[in-house]
Amino acid sequence: MHDRIPEPLKALVEQLARLPGLGPKSAMRAAMTLLKWPEAETRRLGRGIHDLRDNLHLCSRCGGLSSTDPCPVCADAGRARDTLCLVTEWDSMLTLDEGGFYRGQYMILGGLLAPLERMDSESLDLDRLTRRLDEGEVTELILALGATLEAENTASFIRQMARKRFPHIRVSRLAQGIPLGAEVKYMDKETLRQSLQYRQDLA
């Protein structure tokens, strides 16, 4: 970066450039925009970023982000306790739940098996999953992991684990209205509704 750029600005641009979708030029534009904001606004943004880590927690039940533990979804007594929908990331859970067509429980796996990216079974939140299944409430585990190769491999791994340790639990998957290679969080609500409604048992 240019030597004439003041050090505080240079440091901010370098941090902003680490965000997804922001390169050095975009980061510089964002930093210059922040400099034009009223001081109260930039300080409020700074406080919001600072407080983010202090005020957000991982829900001990589902692994989702929340300001409370358990999160509002897990704490909702009106939700069914016998179905557990397994998703890859928190934003997939949000997408599914916004539709309002699924009223069961969720569990966030935290990733997919991807050996080339060094994502093996140790990287997944399998301990939380087995603890939930051990409670004895869940009678159906719904795999909503997407339709990528990594999702298929992960679904196969989870199915084999569940069959071995929890043979009484039905393991199903979203119907294949989801195109090959797609992720749950990018699907429209009607596709997700039909995928859940016509979900398939995993043999």
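Eight nonpolar, three polar and no charged residues: that is how the lining of the largest pocket divides. Gly counts as polar here. Before I go on, this is a predicted model, where local features need pLDDT of at least 70, side-chain atom pairs count only at pLDDT 80 or more, and totals for chains, interfaces and linings use all residues. Numbering runs from 1 along each chain as its sequence is written, and side-chain values use heavy atoms, with hydrogens and water left out.

Back to the pocket. A pocket is an open set of points on a 1 Å grid, where a 1.4 Å probe fits, with protein on both sides within 12 Å along at least five of seven lines; lining residues have an atom within 4 Å of a point. The space in this one is about 270 Å³. Its lining includes L12, L34 and I49. Which helix supplies the largest share? α3, with four residues. α1 (7-16), α2 (24-36) and α3 (39-55) each give at least two. Helices are DSSP runs of H or I, at least four residues.

Now the domains. The assignment gives domain 1 (7-55) and domain 2 (78-197). Their centres, over C-alpha atoms, are 35 Å apart.

Next, the cores. A nonpolar core joins buried residues (under 20% relative accessible area, 1.4 Å probe) through side-chain atoms within 4.5 Å. The largest one has 23 residues, and L86, L129 and L145 are among those with the most contacts inside it. α7 gives the most to this core, five residues. Apart from it lies another core, of 20 residues, including V73 and M187.

Definitions and conventions. Grid points are joined across faces, edges and corners, and a volume is the space filled by probe spheres set on the points. Domain bounds come from an automatic or database domain assignment. Buried means under 20% relative accessible area, exposed over 50%, partly exposed in between (1.4 Å probe, protein chains only).
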